[in-house]
Amino acid sequence: MSWIVTNLWLIPAAPLAASLIILSLANSRRSIAGALAIIGQIAALALSILAFLPTLQAPGYRSVDNFTWFTFGEQTLRIGWMIDPLAAAMLLMITLVSLCIFIFSIGYMAGDKNFNRFFAYLSFFSAAMLGVVIANSLLLLFICWELVGLASYLLIGFWINRPNAAAAAKKAFVTTRIGDLGFFLGILWLYGGSGTLLFYDGGNGCLENAGLLALGVSATFVALLIFCGAVGKSGQFPLHVWLPDAMEGPTPVSALIHAATMVAAGVFLVARVYPLFSFGAIDGVTPSLIVVVSIGTITALMASLIALGQFDIKRILAYSTVSQLGLMMVSLGVGGVAAGMMHLIAHGFFKALLFLGAGSIIHGCHQEQDIRKMGGLRSLMPISFLTYAIGMMTLSGVPFFFSGGWTKEEILHATAHWHVSHIPHYLMLAGVVLTALYMTRQIIYIFFGNRRAASENAHESPPVMTLPLIVLAICSIALSVLLTPAWPWLHSYLTGEPAHFDIALLIQPMLFVSLALVGAGIGLGFVMYGKAGQEDRHRTAETDPLEHAQPALFHFLENKMWLDEIYDRTVVAWSRMAARISDWMDRHFWDGLVRGFAGLGQLFGIFSANFDERAINAGVDETMTGTRRLSRVMSAWHSGQIQTYLGIIAIGMLALLILYAWLA
Amino acid sequence: MTPTLQLFLVVSAALFSIGLLAALSRRHAIFILIGIEMMLAAANLNFVAFWRFSPQPQPPIGVMVAIFSIAIAAAEAAVGLALVIAIYRHYRTTNVDQLDQLQG
């Protein structure tokens, strides 16, 4: 085993050490903080590459390093690290994207007072996320999962004096917590059922045959409970409400956490514990997988519809993320695990690119985020435009040159061959069209048309910000080389099968279908929104064309399908009522009980005091009075009269005599 | 009538009682001393009586004791008188009722 495999913990340790050191620095030492953070990331990247190399040796490579954490009674708790193609690919994506985002943040957060704290939190997040990826124990994964959630909370609410940010951070944490509750229950059930939380343990792990058989039918329920955690973290349908609000955080945070890495953790989790989902599968279908597909489909479609009604750059991208994650879940559910993971990795790159591009635009437009106030930035911010366009085309799924196209096609291919139903397939086709549509809308509003209010003084961002954009754009295109069906290297790397180079595979019916759909989406976008930006300089854009055409529908979408309001009236209201009841109970009932006991104590005290006062003291006083009276009497006997004394002596002697005579 | 032991003892007891009475009820200190002398005399009488009516011949133990007792009574009377004189010099009274400084 090569050195890195036994020391996998070094990969998260490097950013963690950087984070701790940065926290100890004074606020003024910015350059050191930035340098430390980037060095930590470079170290993590280098180590990830080192860890990646052994996985190329053989297909289906997996290397595990388990150790005992602590013992309790007769049982031991073992955790461990592991590396396999899934983890290695994720490691590379995370470290590379993180590095680009860190470099971008140096430029973006340059004017912020809390520069150091930002990089400390970012490094901490990076460490926790890397821990999630290489964990071999569900417990260790959960620990790092929670740390990731903590980092997300700290970073969303980074600007602590903005109440919106604080509320959003709280919402994110609580919503993901609900999912984590299910996750934790799943962990408990899994531990109880299979006796181990290690994934792979030389045949005894919970994902290996022995463990799965020990679980039996309950594997489905365990899988569904663990899926709850993924639903929370990856923003799937019922628990997606935190993701759009999380855009209150700084843009690099949105890029890193809520696009590329943290939300990917949920999809990664499903892929990691896939044997639990697929246990006992008939034709590749189990009830838990059907649930996964359903939720993914609903999420994907719902989010892309809502994105059509949003005007904030980052919100559109946030809903886009939710939608893409839904797509990934669908892919995992229908059995295309490799396809889903490939899309995840590609998504990491191009979503980060899009968010960083949005950050660049926001920076260039002096903190303006409403797309209605932008326009015509194509000529003012050329590099941002070019990279953003590349990102947009990748996301929309334009094939051949862009990685996103290939991966989407793979997913569509997988859904087409699902035996249960073809509904997800058709809905995902609709999703492709919608994705292209809303991205085209966004691009037209921002970059085309006449310049509106915020574009007046817009300027291109400094190189420290545009360079990462360029790097990520190149990655998005370069990745397509690894993803083409002609040479499905990444696919076979992930599934463990050998890859052949076959140019004929390039021409597939699905390819034409997706090409047609993407083209239709972009074309429709230009048709609907093409004139949207043609307003004179001093007005914000007129009503959105969709709003003009279908005001009710648009209103529904603009308000996020009223889901937040529904939650507010139901779940939040109930929890507030429960809080009020608890408060009343606490204040009156329990407090009353305590006060009652206190009163009892007081009563006892009064009784005691009275007893002391009246009984004991009085007794003592009486004794004293008696003694004094006696002493007065006795002193009266000491009259000083000699004859009295003599008389008493005589009587005493007489008594003695009589006594003597009587005894004798 | 023939003097029996009882007669002597009764006389002695009567003498003792009279002496005790005198010691207890007279106010003048000298009179108390007289009473004490009478009690001593009664005791002497007792001694001699018991000697006279014990089986004879007998060394005259009772008489000896009586003589010693008289000598001691004399000494003691001297001391008593000295006390009275000292008291008189200090308190200017011989009335024992007024000598009650040790009360309390």
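Two residues are in contact if their C-beta atoms, placed from the backbone, lie within 7 Å. By this criterion, the contact between the chains takes 11 residues from chain B and 10 residues from chain A. The side of chain B that touches chain A comprises 6 nonpolar, 3 polar and 2 charged residues, where Ala, Val, Leu, Ile, Met, Phe, Trp, Tyr, Cys and Pro count as nonpolar, Asp, Glu, Lys and Arg as charged, and the others, Gly among them, as polar.

The model is predicted: local features need pLDDT of at least 70, side-chain atom pairs count only at pLDDT 80 or more, and totals for chains, interfaces and linings use all residues. Residues are numbered from 1 along each chain as its sequence is written, while chains are lettered from A and ligands numbered from 1 in the order in which they are written.

Chain B has 3 helices and 0 strands; helices (H or I, at least four residues) and strands (E, at least two) are DSSP runs, numbered from the N terminus. Its radius of gyration, taken over C-alpha atoms, is well over the value of the globule rule (2.2 Å times the number of residues to the power 0.38), so chain B is more spread out than a compact globule. A residue is buried if 20 or more other C-beta atoms lie within 10 Å of its own, exposed if 12 or fewer, and partly exposed in between.

| Property of chain B | Value |
|---|---|
| Radius of gyration | 17 Å |
| Box of C-alpha atoms along the principal axes | roughly 55 × 25 × 25 Å |
| Buried residues | 14% of the 104 residues |

In chain A, helix α19 (residues 423-447) has 25 residues and reaches 36 Å from its first C-alpha to its last, close to the 36 Å expected (1.5 Å times one less than its number of residues). Of these residues, 20 of the 25 are buried, so α19(A) is largely enclosed by the rest of the structure. Gly449(A), with a positive phi near 75°, follows the helix.

Strands β1 (residues 63-72) and β2 (residues 75-83) of chain A run antiparallel and are joined by 9 bridges; two strands pair if DSSP finds at least two bridges between them. Val64(A) stands opposite Met82(A) in β2(A). The hairpin has 2 residues between the strands, and Gly73(A) takes a positive phi near 65° there.
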